[in-house]
Amino acid sequence: MKRVLIVDDAATVRMYHRRILEDAGIAADEAINGVEALEKAMERRYDLYIVDVNMPKMDGYRFLNELRAQPGLDQTPALMVSTEAEARDESRAFQCGANFYLVKPARPVELATCVRLMIGEAA
């Protein structure tokens with residue numbers, strides 16, 4: 001079973017994303033910020049990271065930069081999901097290593113389809 005790490009400081013967002021993924025048959029773990037996410041990424045292999053931008057301790061941009069600097073983790077796909085809707089935010093996400101960018105709130109079908117495509121399952 002494919003496994004995704006949801007990285008977001010908001011419990012309601014983590015729960016929302018987790019429910020969508022589990023309904024789609026995808027296992028999900030959670031982290032409340034980039035520091036915790038990086039620790040989890042070092043402990044186990046994930047097939048995808050769903051990352052918020054604005055978080056305490058380590059934001060999503062820094063997390064992606066740190067993740068991409070780790071051998072063996074630099075190729076794992078990352079989907080950034082944020083309330084930041086400006087083109088410069090999306091551009092910065094891609095510069096930091098995001099593979100795709102969605103603006104919150106992502107519709108369930110949109111998130112599930114995007115995740116399936118990114119982890120190599122049929123949408």
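1. In this note, buried means under 20% relative accessible area, exposed means over 50%, and partly exposed lies in between, with a 1.4 Å probe and protein chains only. The model is a predicted one, in which local features need pLDDT of at least 70 and side-chain atom pairs count only at pLDDT 80 or more, while totals for chains, interfaces and linings use all residues. Residues are numbered from 1 along each chain as its sequence is written, and side-chain values use heavy atoms, with hydrogens and water left out.

2. The sheet is open and consists of 5 strands in the order β2-β1-β3-β4-β5, with parallel pairing; strands are DSSP runs (E, at least two residues), as are helices (H or I, at least four), numbered from the N terminus, and two strands pair if DSSP finds at least two bridges between them. At the edges stand β2 (27-31) and β5 (100-103), each of which pairs on one side only. From one strand to the next the twist averages 20°.

3. Strand β4 (residues 78-82) runs parallel to β5 and is joined to β5 by 4 bridges, and Leu79 stands opposite Phe100 in β5. Helix α4 (residues 87-96) packs on the sheet, where the helix touches β4 and β5, and its direction makes about 150° with that of β5; axes are lines fitted to C-alpha atoms, for helices over the stretch in contact, and angles run from 0 to 180 degrees between N-to-C directions.

4. Asp8 sits in the loop between β1 (3-7) and α1 (11-23), and Asp8 counts as buried because its relative accessibility is 2%. Leaving aside residues up to four places away in sequence, Asp8 is in contact (heavy atoms within 4.5 Å) with Val13, Arg14, Ala31, Ile32, Asp52, Met55 and Lys104.

5. The count of salt bridges (a side-chain nitrogen of Lys or Arg within 4 Å of a carboxyl oxygen of Asp or Glu) comes to 11. One of them joins the side chains of Asp8 and Lys104 at 2.7 Å, N to O; this pair links distant parts of the chain, 96 residues apart, with Lys104 in the loop between β5 and α5 (108-119). Both Asp8 and Lys104 are buried.

6. Lys104 also meets the side chain of Asp52 in a salt bridge of 3.1 Å, N to O. Asp52 lies in the loop between β3 (48-51) and α3 (60-68), so the pair ties together parts that are 52 residues apart in sequence. Asp52 is buried, as is Lys104.
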